[in-house]
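Please go through the ligand site and the sheet of the structure below.

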Amino acid sequence: MTIAITGATGQLGRLVVEDLKARVPATELIALVRSPEKAADLGIPVRKADYDRPETLGPALAGVDTMLLISASEVGKRAAQHHNVIEAAKRAGVKRIVYTSLLRADNSPIRDLAVEHSATEDELKASGLRYTILRNGWYTENYTGSIPAALAGGAFIGSAGEGRISSATRADFAEATAIVVTGPDRDGKTYELAGDEAYTLSDLAAELSRQTGRAIPYRNLPEGEYATALVSAGLPDGLARMIAGWDTGVAKGAVFDDGHQLSKLIGRPTTPLSTAVRDALAAA
Ligand SMILES: NC(=O)c1ccc[n+]([C@@H]2O[C@H](COP(=O)([O-])OP(=O)(O)OC[C@H]3O[C@@H](n4cnc5c(N)ncnc54)[C@H](OP(=O)(O)O)[C@@H]3O)[C@@H](O)[C@H]2O)c1
């Protein structure tokens, strides 16, 4: 049984690889990466595979039984990139694909992300291959990553209003991914994966205040003002606009979920917000 992992040099991919190594022999794993020099420390065989270069994908997938397709990272290019990978997998005789999608990809208000995930889901369903879809909600790190900026600026800013966020850490999602990739038959299933706890950005700011002993309020901004603030903080204009737009989707409930499918899969509660904040403060 050979399992190939795309995006293995990414933040989620590295955690999945570590989890998989605890479950199956490293010799049964293959990291598919566009920059092999970044993968030398993964401790598993590495093959070059660039989504934008289809000629690299066929050889990379030779002899692979199961492929974990971790969604690509360039918004707007991803549907075509995933298409290249799925076509190569069909030609190479891959039997099964596990794909990381987006929570409620079929009707999420975060349209710019959802449309590409939906297109890939449809393509997988029509591929004739066995597939499992993991619709991942927000990573907690999307917000804890802003803690240093909140501490420096004296407030946590965003456009998510009172939207409730059922996030989980990358480590939680990675564990579920490894369980699905190596576990019993879950063919044709789609999982909506999210954290057990739902919080607003006001709750996050309150937790940050509690743990630091400083008053760090949440300041909700109109989407345009939030994008401008992100540009002032050094983000490129297009990315800043996208992030601010996603927060507006969050305000509409895009990343709230109370189905607890993630904790059921991993057999434990997802990482609490208080723990994620503590870990982020320790790393800051
Ligand atoms: N649920 C959420 O909150 C959330 C948040 C952010 C992203 N995501 C999605 O989840 C995925 C994994 O998250 P992450 O945090 O691990 O992202 P990440 O750290 O940016 O990792 C993305 C991975 O994709 C690889 N990649 C990008 N373009 C590629 C190409 N053309 N050919 C081959 N590989 C390519 C990258 O390779 P390099 O190492 O060479 O760059 C990297 O390994 C993201 O790509 C995105 O689709 C979800």
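Q: Which side chain places a polar atom 2.9 Å from an oxygen atom of the ligand?
A: This is a predicted model, in which local features need pLDDT of at least 70, side-chain atom pairs count only at pLDDT 80 or more, and totals for chains, interfaces and linings use all residues. Residues are numbered from 1 along each chain as its sequence is written, and side-chain values use heavy atoms, with hydrogens and water left out. A polar contact is a pair of N or O atoms within 3.5 Å. The side chain at 2.9 Å from a ligand oxygen belongs to Lys-38.

Q: How much of the ligand's accessible area does the protein cover?
A: Accessible areas come from the Shrake-Rupley method with a 1.4 Å probe. On its own the ligand has 890 Å² of accessible area, and the protein covers 84%.

Q: Which backbone has a polar atom 2.7 Å from an oxygen atom of the ligand?
A: A polar backbone atom of Gly-10 is 2.9 Å from a ligand oxygen. The backbone at 2.7 Å is that of Ala-72.

Q: Which residue in S2 stands opposite Ile-3?
A: S1 (residues 3-6) and S2 (residues 29-33) pair in the parallel sense over 4 bridges. Opposite Ile-3 stands Leu-29.

Notes:
A polar contact is a pair of N or O atoms within 3.5 Å; within protein, one must be able to donate a hydrogen and the other to accept it, and residues adjacent in sequence count only if both atoms are side-chain atoms. Two strands pair if DSSP finds at least two bridges between them. Helices (H or I, at least four residues) and strands (E, at least two) are DSSP runs, numbered from the N terminus.
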